[in-house]
Amino acid sequence: MHAILESEPRAADPQHTKKLINLVPVAISWGVLLAIYVGLRLYQQAFAFKYGLDSTSPEFATYWLTLFKVEVPLIFGVGFAIWAYLWLTRDKNLDKIDAETELRRYFSLVAWFLLYTFSFLWIASFFGESDATWHQTVIRDTALTPSHIVVFYACIPLYIILGVSSLLYATTRIPKFSKGYSVPLIMAVLGPGLILPNLGYNEWGHAFWLTEEIFSHPLHWGFPVLGWTGFALGGVLLQATMRMAELFKEIDGANLAKA
Amino acid sequence: MTDNDQAILAAAEMSPRIARYSRTFDYLIVVIAAFLVWSVTHIHFLLFAGDWDFFIDWKDRQYWILITPIVSIMSAAAFQAIFWTLFRLPIGATASALLFLIGVWIVRYHAWEGMAYFPLSLVVPATGLVGAMALDFILVLSRSWVITAVFGGVIYGLSFFPTNWIYLAPYFQPAEHMGEMASVADIIGYVFPRSGTPEYIRIIERGTLRTFGDSANWVSAFFSAFVCMFAYSVFWLMGVVACTPKYIPVGYRFKELYGAKIDAGAL
């Protein structure tokens with residue numbers, strides 16, 4: 001695969017000597033995310049059933065509450081730093097960017113989506129169903145179980161950070177997204193993001209209605225309904241494709257005129 | 001570059017360089033689409049029909065045959081709508097069923113068996129792959145989502161239980177239990193009395209794998225096929241609506257903040 005494309009160099013314009021897309025940061029980020037997810041899974045394997053069955057035990061506090069207290073501020077702290085960076089370094093001259101720069105930014109947006117969908121996959125598929133294995137084996141005693149501490153309070157914040165970063169990147173760097181809010185992009189970011197507040201309803205229901213975990217119980221339907229908003233990413237890709245097709249022609253036309 | 005490639009580029013009015021960019025974009029989209037289809041299909045199925053899929057002894061002739069196709073056709077239809085209306089690719093349903101199957105097997109192996117020590121033979125997942133392929137097949141032939149809903153929905157619902165029978169059949173082998181003949185499914189039922197199965201809606205019988213079979217299977221399959229037609233239609237339309245490329249105008253203040261140009265006359 002031609003992972004890295006080289007723009008044709010223009011001596012007078014150093015902007016165009018940059019790569020059109022650089023997948024190395026994506027690969028590194030995937031590696032970091034993968035290390036986090038695999039690390040959490042191994043941690044569960046080692047300590048979930050050993051020290052995670054009784055939330056009142058000192059071992060639970062040592063092995064699980066500590067993880068919870070570390071991961072939440074750490075993940076959100078990194079997230080706020082990324083969001084602040086994206087906002088503070090925004091392009092304040094969006095009307096002056098040329099076609100190649102805009103095209104490069106569309107590729108960067110696609111790179112953000114590669115990270116966002118990768119992180120969403122781990123909660124929606126792997127750790128999401130893994131949560132069922134815990135609940136079908138152990139009756140919950142609090143909202144903080146070894147399964148929840150991983151799936152709800154580590155995996156969900158991670159994809160929220162990447163989703164909101166995608167949204168921020170688009171609105172602050174790409175003209176089309178700065179002039180109009182993309183409805184599908186907002187749906188695709190905010191919908192899955194609302195899964196975190198939906199936990200409030202879920203945990204309230206489990207605390208007062210039923211402790212048993214029938215996964216297809218209506219109490220859980222908020223999660224998949226919010227997950228449906230992921231369909232809207234197709235609309236965002238369509239918006240990107242439409243504009244990129246115009247940019248392709250524009251760049252080709254400019255090159256022809258030069259020749 | 002072959003003559004054929006050159007002819008295609010000429011027809012598309014693209015230079016080889018731009019075609020290379022475009023192709024790279026295609027590759028990236030394939031990866032994003034695969035992650036998206038996989039994750040949305042899995043979370044959707046997990047929380048609407050997951051329990052029937054987790055355990056072999058929950059695979060009954062009453063609700064498993066009914067609910068699994070209805071729930072799984074929803075995401076298949078939405079992804080068909082997205083792939084077909086936006087990109088003219090008749091692969092949405094098959095991609096949904098296949099990626100879900102891959103994902104679910106990974107979890108069954110790593111979490112169900114690997115963490116909670118359930119034997120894999122007790123947590124075998126179902127598949128709607130055959131019905132999904134039929135859906136894509138009908139869509140590409142008919143080019144109509146209505147025809148696909150009517151005929152594809154029925155085939156999807158009806159084909160689910162026969163195509164899953166292949167891995168259920170071994171559980172009905174005869175086995176000796178305390179001197180009496182029983183099936184493997186019976187023995188699973190004796191060992192795991194399911195006090196937790198949802199009794200509140202099981203009026204006629206308490207469905208488990210033990211009672212799977214007989215004409216009641218087909219009653220459930222036909223009912224499922226009937227509902228599949230409507231589930232397909234609703235989710236096809238949902239897929240189309242979700243992918244409408246709409247923009248809401250940004251106010252002047254925020255436009256300025258984002259770095260876009262404001263027309264002096266507009267203020």
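This is a predicted model: local features need pLDDT of at least 70, side-chain atom pairs count only at pLDDT 80 or more; totals for chains, interfaces and linings use all residues.
**Exercise 1. Salt bridges and burial**

Task: describe the salt bridges A:Glu102–A:Arg243, B:Arg108–B:Asp53 and B:Asp26–B:Arg23, and decide for each partner whether it is buried, partly exposed or exposed.

Solution. 
- Step 1. Over all chains, the structure holds eight salt bridges.
- Step 2. In chain A, the side chains of A:Glu102 and A:Arg243 meet at 2.8 Å, N to O. A:Glu102 belongs to helix 3 and A:Arg243 to helix 9 of chain A, so this pair ties together parts 141 residues apart in sequence.
- Step 3. Buried means under 20% relative accessible area. A:Glu102, at 5%, is therefore buried, and A:Arg243, at 17%, is buried as well.
- Step 4. In chain B, the B:Arg108 and B:Asp53 side chains form a salt bridge at 2.9 Å, N to O. B:Arg108 is in helix 4 and B:Asp53 in helix 2 of chain B, so the parts tied together are 55 residues apart in sequence.
- Step 5. B:Arg108 has 0% relative accessibility and counts as buried; B:Asp53 is buried with 1%.
- Step 6. Shared partners join A:Glu102, A:Arg243 and A:Glu246 into one salt-bridge network.
- Step 7. The salt bridge between B:Asp26 and B:Arg23 has an N to O distance of 3.6 Å. These two residues are separated by about one helical turn, because they are three residues apart in helix 2 of chain B.
- Step 8. B:Asp26 is partly exposed at 35%, and B:Arg23 is partly exposed at 47%.

**Exercise 2. The largest pocket**

Task: find which elements supply the lining of the largest pocket and how its residues divide by class.

Solution. 
- Step 1. The largest pocket holds about 520 Å³ of space.
- Step 2. Its lining has 26 residues; B:Asp26, B:Ile29, B:Val30, B:Phe87 and B:Leu89 lie nearest the centre.
- Step 3. Both chains take part: helix 9 (233–258) of chain A and helix 2 (16–54), helix 3 and helix 4 of chain B each supply at least two lining residues.
- Step 4. Helix 2 of chain B gives the largest share, 10 residues.
- Step 5. By class, the lining of the largest pocket has 22 nonpolar, three polar and one charged residues.
- Step 6. B:Asp26, one of the residues nearest the pocket centre, is also the salt-bridge partner of B:Arg23.

**Exercise 3. Enclosed cavities**

Task: how many cavities of 30 Å³ or more does a search of the whole structure find, and what lines the largest cavity and the second largest cavity?

Solution. 
- Step 1. The search finds five such cavities.
- Step 2. The largest cavity has a volume of about 180 Å³. Among its 18 lining residues, A:Asp131, A:Phe152, A:Phe215, A:Phe223 and B:Leu47 are closest to the centre.
- Step 3. Helix 3 (99–135) of chain A gives the most to this lining, five residues. The lining of the largest cavity divides into nine nonpolar, six polar and three charged residues.
- Step 4. The second largest cavity contains about 140 Å³ of space. Of its 17 lining residues, B:Ser72, B:Ala97, B:Phe100, B:Gly128 and B:Tyr156 are the closest to the centre.
- Step 5. Helix 2, helix 3, helix 4 and helix 6 (145–168) of chain B each supply at least two residues of that lining. Its classes are nine nonpolar, seven polar and one charged.

How values were computed:
Residues are numbered from 1 along each chain as its sequence is written. Chains are lettered from A and ligands numbered from 1 in the order in which they are written. Side-chain values use heavy atoms; hydrogens and water are left out. On a 1 Å grid over the protein atoms alone, a cavity is a set of points where a 1.4 Å probe fits but cannot get out, and a pocket is an open set with protein on both sides within 12 Å along at least five of seven lines; lining residues have an atom within 4 Å of a point. Grid points are joined across faces, edges and corners, and a volume is the space filled by probe spheres set on the points. Helices (H or I, at least four residues) and strands (E, at least two) are DSSP runs, numbered from the N terminus. Ala, Val, Leu, Ile, Met, Phe, Trp, Tyr, Cys and Pro count as nonpolar, Asp, Glu, Lys and Arg as charged, and the others, Gly among them, as polar. A salt bridge is a side-chain nitrogen of Lys or Arg within 4 Å of a carboxyl oxygen of Asp or Glu. Buried means under 20% relative accessible area, exposed over 50%, partly exposed in between (1.4 Å probe, protein chains only).
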